[in-house]
Amino acid sequence: MNVYLELFLVFLKIGAVSFGGGYGMISLLSQEVTSRGWLTDDALWNYIAIAESTPGPIAVNIATFIGSAQGGFWGSLLATTGIVLPAFCIILIIATVFKNFSKNKYVKAAFTGITPVIWGLIISTGLLLVVKCLYANYNDFEVKGDFNWRALIILTIVIAVTVCYRLMRRKSMPPIAVILISAAAGMVYFIP
């Protein structure tokens with residue numbers, strides 16, 4: 001199959017069946033991308049970290065990065081279009097009939113049933129990110145290698161700074177400040 005068509009179809013499928021935003025689709029994305037040999041598991045998690053740190057929706061950023069890695073400009077355009085198209089169409093349809101749609105008891109029941117699953121996907125992705133951060137060679141529930149104490153120290157520093165900020169200012173720290181603190185701590189600890 002043509003790489004451009006495959007990129008479009010894979011990301012169209014991911015966009016069509018993923019609920020809960022970008023974090024909810026990471027497990028499906030991981031399965032699709034690694035099974036095709038487009039990226040290794042470690043490379044994918046690096047892309048996810050970059051996508052989280054850059055402006056814009058994580059799903060769009062990841063699709064753009066992976067599409068670019070596999071097919072250059074056209075690959076990134078098609079992967080991004082594929083991931084966005086289902087949500088765009090669904091939102092367009094829902095927006096036209098939302099008043100009647102939102103009152104439907106079946107729709108309410110479906111959203112009530114989907115909500116815990118989305119929370120589970122997001123929490124499991126967050127926990128997996130923490131484990132991958134602390135164990136560089138973690139793969140498929142198997143830990144190989146040493147514990148990454150530096151990553152734990154950085155995580156502790158970032159949590160402590162954000163909690164102190166919240167207690168002193170009575171509001172959450174801006175996400176860009178958290179990213180900049182994390183980047184600075186990473187440079188201090190990981191640059192020889």
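These are my notebook entries on a predicted model, going from the whole chain down to single residues.

**Ground rules**

I number residues from 1 along each chain as its sequence is written, and side-chain values use heavy atoms, with hydrogens and water left out. The model is predicted, so local features need pLDDT of at least 70 and side-chain atom pairs count only at pLDDT 80 or more, while totals for chains, interfaces and linings use all residues.

**Entry 1: the whole chain**

I looked up the secondary structure first. The chain has eight helices and zero strands. Helices (H or I, at least four residues) and strands (E, at least two) are DSSP runs, numbered from the N terminus. From the N terminus on, I read the elements as α-α-α-α-α-α-α-α.

Next I took the dimensions. The C-alpha atoms fill a box of roughly 55 × 45 × 30 Å along the principal axes.

Then I checked burial. Of the 192 residues, 26% count as buried. Buried means under 20% relative accessible area, exposed over 50%, and partly exposed in between, with a 1.4 Å probe and protein chains only.

I also looked at contacts, meaning heavy atoms within 4.5 Å. Among those between residues at least 6 apart in sequence, 52% join residues at least 24 apart.

In soluble globular proteins, nonpolar side chains tend to be buried together.

Ile66 sits in helix H5. Its relative accessible area is 0%, so Ile66 is buried. Leaving out residues up to four places away in sequence, Ile66 touches Phe11, Leu29, Val33, Trp38, Leu39, Leu44 and Tyr47. With neighbours within four places in sequence set aside, Phe11 is in contact with Leu29, Trp38, Ala63, Ile66, Ala79, Gly82 and Ile83.

**Entry 2: helix H1**

H1 has 15 residues and reaches 21 Å from its first C-alpha to its last, close to the 21 Å expected at 1.5 Å a residue. The expected span is 1.5 Å times one less than the number of residues.

The buried residues of H1 are Leu7, Val10, Phe11, Ile14 and Gly15. Seen down the axis, they fall within an arc of 130°, so they line one face of the helix. The arc is that of the directions from the helix axis to the C-beta atoms. An α-helix has 3.6 residues a turn, so residues three or four places apart point the same way.

Asn2 caps the N-terminal end of H1, with a side-chain oxygen 2.9 Å from the backbone nitrogen of Tyr4.

Ser30 is in helix H3 (residues 26–35). At a relative accessible area of 14%, Ser30 is buried. Beyond residues up to four places away in sequence, Ser30 touches Ser35, Asp41 and Leu44.

Ser76 lies in H5. Ser76 counts as buried at 11% relative accessibility. A polar atom of the Ser76 side chain lies 2.7 Å from the backbone oxygen of Phe73. I count a polar contact as a pair of N or O atoms within 3.5 Å; within protein, one must be able to donate a hydrogen and the other to accept it, and residues adjacent in sequence count only if both atoms are side-chain atoms.

Gln70 is partly exposed, at 25% relative accessible area. Leaving aside neighbours within four places in sequence, Gln70 is in contact with Val3, Leu7 and Trp38.

**Entry 3: cysteines and a loop**

How many disulfides does a search of the whole structure find? The search finds zero; a disulfide is a pair of cysteine sulfur atoms within 2.5 Å. Cys89 is partly exposed at 34% relative accessible area, and Cys164 is partly exposed at 42%.

Last, I looked at Arg170, in the loop between helix H7 (149–169) and helix H8 (175–190). Arg170 is exposed, with a relative accessible area of 70%. Phi of Arg170 is near 65°, a positive value in a residue other than glycine.
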